[in-house]
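Open the model in a viewer and keep the selection panel at hand. The stops below go from a strand pair to its sheet, then to a single side chain.

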Amino acid sequence: MDAGELAGLLNDPWMVGVWQEDEIIHFYWPHERWTSETRQELTALVQRVGADAGSIAVHSLPDEDWNAAWARSVRPLHIGQRIVVRPSWEPVALKAGDVELILDPKQAFGTGHHATTQLLLEWLEAHVHGGERVLDVGTGSGILAMVALRLGAASAWGIDHDPVAIECAHEYAVQNGFGPELMLDTSSLITLSPGQFDIVVANLDRRTLLDINDLLVACVYRHGMLAVSGLLIDDRRDLLDGFHRVGGALAWERERDGWLAMAFTFDQKGPV
């Protein structure tokens, strides 16, 4: 697991940067924000990914723009066969058929570095054929919704409960030239019309997915699909059982670095 993935999992708004040097990952906090609770959260994360918590070392450093150092460490990502995600300062020579997004690191994570995001991007690449209506639940930076449009979806709607994430996603949307085909806001699933979307993607945690599985399914139009991620391998049985209870049939799954993504179809005769 690389520095970007760990930073996404930690999701600490006070962390000002992360830097990877060979096998060592350096996290940076302002002096006043490094607390015993922060240490406990970092220790729990290290243990969660199977590393030795005793390998954590804490040092005091002179002031420096660590966020700029983090930004300099971000490199273009090639995901799947056609998807390129890059920071604005790193040009990439595109091949015929490639789709590109420019995402500079900001507070809202989800810029393609985490395995869960990459798994759903690869799934979208295989299942967006043109003209689909896409819903991205827990959109974060908006990367899934924007890539779906680049791949040929007719419209995409990204929703997130965090207004800071939506503000960041709007900035990315403008930077990448999207217009009214992309909606980004803090709408709640419960307010959406049933059967409105051909494709629904949700990169969330196990508990949230199980709590809202009926609302997610209600958004799927007949013959549509729902793809979910944010799951550990050990979550598989719970998710299978939970979505089976709401009519889901497993159509696809893929694992990477201990993380799992799954897609479901539903036996529906029309909009639910």
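**Stop 1: a strand pair**

Select Trp252 and look across to Ala263 in E12, which stands opposite. This is a predicted model, in which local features need pLDDT of at least 70 and side-chain atom pairs count only at pLDDT 80 or more, while totals for chains, interfaces and linings use all residues. Residues are numbered from 1 along each chain as its sequence is written, and side-chain values use heavy atoms, with hydrogens and water left out.

Now show E11 and strand E12 (residues 259–266), which pair in the antiparallel sense over eight bridges. Strands are DSSP runs of E with at least two residues, and helices are runs of H or I with at least four, numbered from the N terminus; two strands pair if DSSP finds at least two bridges between them. Glu255 has Leu260 in E12 as its bridge partner. Two residues lie between the strands of this hairpin, where Asp257 takes a positive phi near 55 degrees.

**Stop 2: the sheet**

**Stop 3: Thr116**

Go to helix H4 (residues 115–127) and select Thr116. Is Thr116 buried or exposed? At 5% relative accessibility it counts as buried (under 20% relative accessible area, with exposed over 50% and partly exposed in between; 1.4 Å probe, protein chains only). Contacts (heavy atoms within 4.5 Å) beyond four places in sequence link Thr116 with Asn203, Ser229, Gly230, Leu231 and Trp259.
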